[in-house]
Amino acid sequence: MACWGKIRTAVAFGLIGCLTSNKPAEAEPAYVGVVREYVETFVRPMAEAPVVVKAIQEQNAKLGDVSEMDMRVLDETYRAEVAQGGLQMAKTLMAKSVSQYLMTKQDDSQGTILEFFVTDCHGLNVGQSTVTTDYWQGDEDKFLKTFAVASRDIYIGGAERDESTQLLETQASFVVTDEKGEPIGTATVTIAIDAL
């Protein structure tokens, strides 16, 4: 896919230093294996549902070759609306059928999934189960360590305790593919580790 190729080329030079590093491999935290298994077993099939794939494909076709400047403007507008409580962009996004589907899956998880969103090939949100803090994920590890580097692996972030809920949480992200196995976007879930 053209979108994936452009992003992969853009980050390739920055990754050369990482790939040639002589740092020893670190042992992964205990929660990582459990989260990975949960995502593979339950979340990935949700993200491969036709309603999700179709929504991502439609946004990829609509936005095509959107510039990074335009993506940043969209993200800044979204963030400002969330901060001010206007939420126009968020409300439009939350009304989409794909967002309704993600909300249902979050509810069905009985507290394990705290947030669930999918992006297009640029890292722009396509659907979300809750109002996210930003609209563009393309400059974050959840996108840079999955879609941008053509990885089929699940990227699992560090665990943090949410001060308001006291839940130990982590985010897991992976590439979403179409029916032909071509990468089209990403899916990210925030998981309550204590609920696994």
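The following questions and answers examine how terms are assigned in this predicted model. Local features need pLDDT of at least 70, side-chain atom pairs count only at pLDDT 80 or more, and totals for chains, interfaces and linings use all residues. Residues are numbered from 1 along each chain as its sequence is written, and side-chain values use heavy atoms, with hydrogens and water left out.

Q: Why is Thr-170 called buried?
A: Buried means under 20% relative accessible area, exposed over 50% and partly exposed in between (1.4 Å probe, protein chains only). Thr-170 has a relative accessible area of 2% and is therefore buried.

Q: Why is Val-98 called buried?
A: Its relative accessibility is 1%, so Val-98 counts as buried.

Q: How do you know that the span of helix H4 agrees with its number of residues?
A: Helices are DSSP runs (H or I, at least four residues), numbered from the N terminus. The expected span is 1.5 Å times one less than the number of residues. The 17 residues of H4 (residues 68-84) should therefore span 24 Å, and the end C-alpha atoms are 24 Å apart.

Q: Which residues of H4 are buried, and why are they said to lie on the same side?
A: They are Met-71, Asp-75, Tyr-78 and Glu-81. They cover an arc of only 130° around the axis (taken from the directions from the helix axis to the C-beta atoms), so they lie on the same side of H4.

Definitions and conventions: Helices (H or I, at least four residues) and strands (E, at least two) are DSSP runs, numbered from the N terminus.
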